[in-house]
Amino acid sequence: MGCGGRAMNYVNAGKTLLCFGITSATLYFVFLTVQIAEAQTSAPFLISPYYGTTTISQVYSINHRAYDLLLRYAPVLAAESGTLKRVEWFSNDPLCHQSSTNTACGFGLHIRMQHPNGYWSIYGHLSTTGFDLTTNGNAVVSQKQFIGNSGHTGYSTGPHLHLEIRPSQSGNGVDPFSPNLWEDGQWATPSRPIPVPTNLGETVVYEDTGGFTKGNGGPFNNPCSPGSCFEWIGTTGTPPYAPYYTPIYGNSSTPDEWARWQTQGVPTSGDFYNVQVHMPTTTISKTWQARYVLIDNLNNVLATGVVDQAGLPNSTFTQSQWVSVGTYFLKTGYSIYTHDVTGEGIEGHCPVYCFLIVDAVKLIKRPAPFQIIYH
Ligand SMILES: [Zn+2]
């Protein structure tokens, strides 16, 4: 009697295979019983939650019921279709990856999904989510859909993705490595890679392209020409991405200062685009939960992406970066705008005020059909 296909998966995955080293018939029987019990809980349902391959920085243990993956500000995908249950910074969940000195939820900016088989997946320490923190709590998400970018928020020692798989909402996480859980039966290092979507051409919208406006007094009231806005302070950065910044006082629920990028080169009938925002080379963008809002040609809000500027490398290093806020079906006249309603009112972690940075937006055309947030 051999170890069977499941055990071979452990071999393929590079894990120690228990039954090879166990000669006791009793122990072997116990091992098989455990495996059978696990197999009865669920058919394999997960895929790799990222493009390409990566490595594991921290494995599963009773003190860390998850895997940490070395994804540094990289796209995070839904490992299975399901319902978005939480997109948040904090919760009362006692199993929240806390440090011994900080009782706040250590996941930082994180997403929790419930899957059709009852399992939950948790994606922690994100720098970006593709969902609004308050209005998309029950959004239906497809497998492989972009849900955010990995990052360094919460109780984290460096940018990574904390991937936790729970059999129920409040139960302890199970070992994500278990081949019982993975569609290809062998999630490991490397996993079966999810190919990066094709780039069919890209357009950058910035101050000098004609698509950029900014102003104050609520969305799209009081627009002002570049260089003339008192609230938006321009810098002398090198074009085309010379940034603007505005203070965030953390006590506003109404947009006061706003900036808008109108899509360029998008067909009237629409097409699929990955929307990215540019975090410039500056160390002053400390704002948490900066909203990047997609609007149609009638200024209706279609979707909101949340970018944690403080969690990106530009806040601690001098390094610019493009950050994805999701893939959408865009038409002529649609825009991306950002405003000064952020998470600072909740967190208030800046001593006096934070700075919201706006810089540029990039549209990368994707092939259809594509997993999107809004259509
Ligand atoms: Zn972790």
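Glu 164 and Arg 166 form a salt bridge in which the closest N and O atoms are 2.8 Å apart, a salt bridge being a side-chain nitrogen of Lys or Arg within 4 Å of a carboxyl oxygen of Asp or Glu. Both Glu 164 and Arg 166 are buried, where buried denotes a relative accessible area under 20%, exposed one over 50%, and partly exposed a value in between (1.4 Å probe, protein chains only). The model is predicted, so that local features need pLDDT of at least 70 and side-chain atom pairs count only at pLDDT 80 or more, whereas totals for chains, interfaces and linings use all residues. Residues are numbered from 1 along each chain as its sequence is written, and side-chain values use heavy atoms, with hydrogens and water left out.

In total, the structure holds five salt bridges. Side chains of opposite charge can pair when their charged atoms come close. One of these bridges links the side chains of Glu 202 and Lys 362, with an N to O distance of 3.5 Å. Because Glu 202 belongs to strand 11 and Lys 362 to strand 23 (residues 361-365), this pair ties together parts that are 160 residues apart in sequence; strands (E, at least two residues) and helices (H or I, at least four) are DSSP runs numbered from the N terminus. Glu 202 is partly exposed at 42% relative accessibility, while Lys 362 is buried at 9%. Elsewhere, salt bridges that share partners join Arg 86, Glu 88 and Arg 112 into one network. Within it, the closest N and O atoms of Arg 86 and Glu 88 are 3.6 Å apart. Arg 86 has a relative accessibility of 26% and counts as partly exposed, whereas Glu 88 is buried, with a relative accessible area of 17%.

Asp 68 is located in strand 2 (residues 67-69) and His 162 in strand 10, so the pair ties together parts that are 94 residues apart in sequence. Asp 68 and His 162 are both buried.

Val 174 is situated in the loop between strand 10 (161-166) and strand 11 (202-205), and is partly exposed with a relative accessible area of 25%. Residues up to four places away in sequence aside, Val 174 touches Tyr 60, Arg 65, Tyr 119, Ile 165, Pro 167 and Leu 181, contact meaning heavy atoms within 4.5 Å. Arg 65 is 109 residues from Val 174 along the chain, yet their C-alpha atoms are separated by 6.4 Å. Another such pair is Lys 214 and Trp 258, which are 44 residues apart in sequence and 5.7 Å apart in space, C-alpha to C-alpha. Lys 214 lies in strand 12 (residues 212-216) and is buried, with a relative accessible area of 0%.

At the level of the chain, four helices and 23 strands are present. Of the 375 residues, 52% are buried. Among contacts with a separation of 6 or more, 76% involve residues 24 or more positions apart. The accessible surface of the chain comes to about 16200 Å², with 53% belonging to carbon and sulfur atoms; accessible areas come from the Shrake-Rupley method with a 1.4 Å probe, and for residues only the protein chains shown count as cover.
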